[in-house]
Structure formats: C-alpha cells, structure tokens
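Hi! Have a look first, then read on.

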Amino acid sequence: MSAVASRLVQAIMVAVLIGTATFAMMRSLPGDAAWRIAAGRYGYDNVNAAAAEAVSQELGLDGPALPALMQWLGDLARLDFGNSLVTGQPVAAEIAHQLGASVSLALMAILLSLLIGPPLGILAGLRAGGLLDRMLLVVSTGLKAVPQFLMALVLIVLIAVQLRWLPAAGHGEARHFILPSLTLALGLAAVNARIARDAMARIAEMPFWRFAQWKGLSQRQTLVRHGLRNVAVPLITYLGLQFVTLVEGVIIVESIFGWPGIGHALVHAIFSRDVPMVQGTALVLGLGFVVVNAAIDLAIRRLDPRGMA
C-alpha cells in the first residue's frame, strides 16, 4: 500500500505542477490570445477584430489569471478538465478520442524497437569486440544522433516518395502505422541494442554462465534459461526513461505524418491558445509517465525480487 500511496501523491503533484506550468506559459506567450482562439474557431481568413473582441468578452480573457487557474484546479479535483476554447467540447472527450491513436502508435513503436534492438544487442554481446559488435556501435550511435523530425523526412522521401511503397501520411489502415512507428522505433532500438549488448557481455563473463555451459548446456540453452531474464531487467528499467523520448517523438511524428493523436492535438491547441486543451493533454502525458514508471517497477519486482527488497 505504501508504494500505491507514493504513486498517488506523485500523480497529484504532477497534476498540480503541470497544470500551473502550462497555464503560466500559455499566458506568457506574445500576441493576442483572443485573435488566435477566434482564428481556431472560424479560420484565419474569416477572423477580424470584432470576432476577436467577441471571443475575449465571452471567455473573459482580460480577467485576472489567478482566479482562472484556481478554477481549473478546482475543476480538476472533480476530474473535470473543462471545455475547449475553440470547439466548445469537453476536453476529456476530445482527449479520449485522440489518446487511443497515440497509444496504438507508441505501442507499435515500442514493439518494433524491441524486435530490432535487443536481438542484435544480445548477438553482439555474446561476441563482444567482434565485427557485429563494432558495426552495431556505429549504426546505433548514428541512429541515436539523428533527430526524429529528420528521420521522418528521410523515410518519407525514400519510402513514400521515391519507392512509393507506403503512404506519406494518413490514418485508418495498417500500412499507415509503418512509417510513423518506424520513425519512433529506430531511435529507441538504437538505445535498446546498446543496453542489451552491455548487459549480455557482462552476463557472459559471470561464473554462473560458464558453469551452465560446463554442465553441458549449449549457448542457446544457457541464453534461454539464464540470459534473457537478466538482460530483460535493464531493458525494462530503461523503458521508463525512454517514455520521455517517446512522448517527445510522438508530438513531432504525429505532426509530420498527420496522425490524429494527442501530440498533434497539443500542437494545434498551443497555436490556437486553447489553454484548457493544452493543460489537459499535457496532464495526460505527465500522468502517463507516472503510470508507466509504476508498471515498470511492478515488472522488475517480478523479474528480480532481490532488487526490490
């Protein structure tokens, strides 16, 4: 229960900090917020000073900031995210619609990264210092150094434009998942491969590994019975840190590929000065980090109870 209570307190602190920070940052942005909100509602070609003034009067944008923030925190305590300033729809309903698309994309990216990175890292770790190990170091370092927006553009140009194998954007079909999830997965796989390689090389030097082979177990049997479980612990531990990178990448990748997820919605909400929408989406992403860390702690507890004693 102490672990659950600790996570609950952490979630409450994250909610208050994110809500306050996003509110302050949105208020500090230059420009006319009423004009941006009116443009989000009616389109930039149809907005004028009268429409902006009407929006300002309707929403009370000229009022003091502190009461507006306290009202949002009070609504949050009742699990009410408020309504979008642009669409007028409940923020919770819009996020619920967009979150599924982001979660499916993120899960696909994680799955691809685990299928690509750890197997190569394990093979390299079994023969540390060999040709595969040196090649993997070069490739993983290069992939990690490439910004995700550049990776997305390269994949679009090569696969969608030049080869015409996959669509450059879209949503709703299985083939639309491939390019955005691959963009996210390559950077994650580069790190996963190095973590798996280092863990495997360290494990292969341990006495229990040599003793298992001395008993007559083949390298494959030793890996399956003793190696994979030990390699999985640092991989799962690092997934919590990778979630931050994944959230950042989802925002970029969704915008580039036109993916209708929470990251894409966050970018549009910022441009439209839709403060409740920005607060709601940022809050969901922050609480997602708390949930992922809690799940990782439970997974590690099952894999290696000694480390959680």
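Before the charges, a quick definition: Lys and Arg count as positive and Asp and Glu as negative, while His and the chain ends are not counted. The place of a charge is taken as NZ of Lys, CZ of Arg, CG of Asp or CD of Glu. On that basis the protein has 22 positive and 17 negative side chains, and the centres of the two sets are 20 Å apart.

Some housekeeping: this is a predicted model, where local features need pLDDT of at least 70, side-chain atom pairs count only at pLDDT 80 or more, and totals for chains, interfaces and linings use all residues. Residues are numbered from 1 along each chain as its sequence is written, and side-chain values use heavy atoms, with hydrogens and water left out.

Now the fold. You'll find twelve helices and zero strands (DSSP runs of H or I, at least four residues, for helices and of E, at least two, for strands, numbered from the N terminus). Of the 309 residues, 42% are buried, meaning under 20% relative accessible area with a 1.4 Å probe, protein chains only.

What sits inside? The largest nonpolar core has 22 residues, and Leu-155, Phe-257 and Trp-259 are among those touching the most other members. (A nonpolar core is a set of buried Ala, Val, Leu, Ile, Met, Phe, Trp, Tyr and Cys residues joined through side-chain atoms within 4.5 Å.) Helix 5 (91-126), helix 7 (148-162), helix 8 (175-204) and helix 10 (219-257) each give two or more residues to this core. Apart from it lies another core of 21 residues, including Phe-23 and Val-275.

Methods:
Buried < 20%, exposed > 50% of the residue type's maximum accessible area, 1.4 Å probe, protein only.
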